[in-house]
Amino acid sequence: MTDQAINQTPKKPLILLIEDDSLLIKMYKAKFIAEGFEVIVAEEGESGLKMALENPVSFIILDVMMPKLSGLEVLEKLRQDPKGKIIPVVVLSNLDQEEKSKKAVQLGAKEFLVKANFTPAQIVEKVRKYLGS
Amino acid sequence: MERISISKTQAAEKALQETPIPFSKIEVPLTAEENLLVMAANNKKIYVTKDLSDVLFPAGNRDTWRDIQKVCGIKTSVVYPIISRNRSLGSMIFSLSKNENEISDQEWEVLAGFTNAVGIALENASLYKRLHLANQKLKDLDKQKDEFISVAAHELRAPMTAIKGFLSMIMEGDAGKVNDKVKDYLSEAVQGNDRLIRLVNNMLNVARIEEGRMVYKMGNVNLSKATQTVFKEYELEAQKKGLKISLNIPSGLMDRVYVDQDRIHEVISNLVSNAVKYTDKGFVSINLSQPDKQTVKLEVKDTGLGISQEEQKKLFEKFTQTSSGAGKQMGSGLGLYITKLLVEKFGGKLGLESETAKGTAFWFELPLSS
């Protein structure tokens with residue numbers, strides 16, 4: 001492959017998955033890669049926030065219950081950063097507390113979804129929709 | 001024994017002023033076997049004495065009590081046991097300004113009656129306290145139960161998400177080509193897992209509705225439209241089973257209701273999906289009507305198994321299923337309970353008419369929004 005060819009390949013959107021359950025990491029990562037995305041993973045909130053600000057991230061999939069920094073705290077901090085606040089976020093959780101869901105949307109999340117109610121393919125579809133591709 | 005109460009008479013107040021030991025500190029050990037308070041309580045007998053120190057010694061010293069007796073003009077002290085249900089709760093002291101032989105029969109009766117009343121009051125107070133404690137304990141247990149359900153449900157969801165996700169990925173061919181038989185088996189596994197997820201969702205919803213934590217997005221909803229949406233969702237499933245399914249909306253029907261759109265969808269879905277699930281042949285018909293000017297009614301009629309009178313009574317309770325239904329299809333026994341809670345939340349009522357082997361008609365009525 002020549003340099004020319006590499007440059008012509010459309011760049012894959014980079015997904016940042018912030019999630020602490022190893023099974024779910026494996027699952028979402030596999031699906032997004034199979035669907036033509038690039039994926040980086042943070043297993044807790046603090047490093048997730050750092051990775052969001054240091055990488056050319058196109059989309060963030062954010063868990064709520066995590067060690068160190070909760071998903072909503074990550075979202076809040078992300079919104080205070082000029083670079084971070086433009087990254088679209090979908091919050092995925094297995095807690096479906098209305099207050100949390102409301103808070104997430106107030107903080108600018110596209111949606112608050114209960115993980116168990118969606119297949120990985122449906123999540124990919126949502127991400128594609130929000131990325132406009 | 002300790003003193004817990006004294007009458008609010010002038011004489012009693014005077015005695016209190018004279019007493020060198022604070023009232024609440026006058027304590028008599030139960031081992032003081034010659035003390036009349038202890039004797040009355042132990043022997044369940046009435047004692048009469050001319051010497052007040054017989055009643056209170058070994059608290060303080062005898063001379064102090066004799067001085068007080070003189071100052072207050074007490075001639076006789078009567079000690080009654082306070083008895084309730086054959087058990088001594090304590091003793092009463094009556095200090096009188098007359099000699100024993102001057103006390104009339106009527107006065108004796110008053111003393112006995114008063115002591116009895118105190119016994120009943122004390123017993124009631126202690127029962128109330130025990131009841132209160134028991135009640136508190138039940139409330140704590142109930143809260144623990146709710147917390148347990150909530151935690152368990154959330155903990156169940158993570159592995160169920162993984163099962164659902166990986167199964168769906170295999171079925172979609174992400175792990176390679178899948179033959180039809182494998183696909184068929186996987187789809188059974190997916191359905192089983194989805195049922196678990198629904199059960200958990202229902203359990204969490206019940207907890208939220210019952211605790212008043214459910215947030216409702218109330219608004220005006222067109223009931224015909226909401227019903228049409230549900231009808232379309234189940235039309236194919238019913239036809240696949242060979243059932244006729246119909247939706248009947250009379251023209252000019254008033255159907256605007258003030259409800260939560262998603263929840264009313266859940267209510268209608270529950271009724272229609274039950275009808276389709278439990279009917280093997282015949283029809284399912286969904287009928288909207290207006291029983292009066294303020295009310296709209298939705299009825300879901302089927303030619304299914306029917307529900308016996310006995311089972312109808314328990315149908316809307318939590319975790320209840322009809323015996324015939326439970327064997328046929330596995331549900332959580334929560335659907336109708338939630339349906340009822342929601343319909344009532346929206347100011348309506350839910351009911352049914354059914355005959356075994358002929359069919360069932362579930363209906364709800366909602367007030368029209370003004």
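A residue counts as buried when its relative accessible area is under 20%. The legends below refer to a predicted model.

**View 1. Ala361(B) in its strand.** Ala361(B) lies in strand 10 of chain B, which covers residues 359-367. Its relative accessible area is 5%, so Ala361(B) is buried.

**View 2. Surroundings of Ala361(B).** Apart from its neighbours within four places in sequence, Ala361(B) makes contact with Glu299(B), Val300(B) and Lys301(B), and also with Gly351(B), Leu352(B) and Glu353(B). Asp302(B) is 59 residues from Ala361(B) in sequence, while the C-alpha atoms of the two are 6.3 Å apart.

**View 3. Chain B, the chain that holds Ala361(B).** Chain B has 11 helices and 10 strands. It contains 370 residues, and 41% of them are buried. Among contacts in chain B with a separation of 6 or more, 64% join residues 24 or more positions apart. Chain B has an accessible surface of about 21,400 Å², and carbon and sulfur atoms account for 53% of that area.

**View 4. Chain A and its order of elements.** Chain A has 6 helices and 5 strands. Along the sequence they follow the pattern α-β-α-β-α-β-α-β-α-β-α. Of its 133 residues, 47% are buried.

**View 5. Contacts and surface of chain A.** In chain A, 61% of the contacts with a separation of 6 or more are between residues 24 or more positions apart.

Conventions
Residues are numbered from 1 along each chain as its sequence is written. Chains are lettered from A and ligands numbered from 1 in the order in which they are written. This is a predicted model: local features need pLDDT of at least 70, side-chain atom pairs count only at pLDDT 80 or more; totals for chains, interfaces and linings use all residues. Side-chain values use heavy atoms; hydrogens and water are left out. Helices (H or I, at least four residues) and strands (E, at least two) are DSSP runs, numbered from the N terminus. Buried means under 20% relative accessible area, exposed over 50%, partly exposed in between (1.4 Å probe, protein chains only). Contact means heavy atoms within 4.5 Å. Accessible areas come from the Shrake-Rupley method with a 1.4 Å probe; for residues, only the protein chains shown count as cover.
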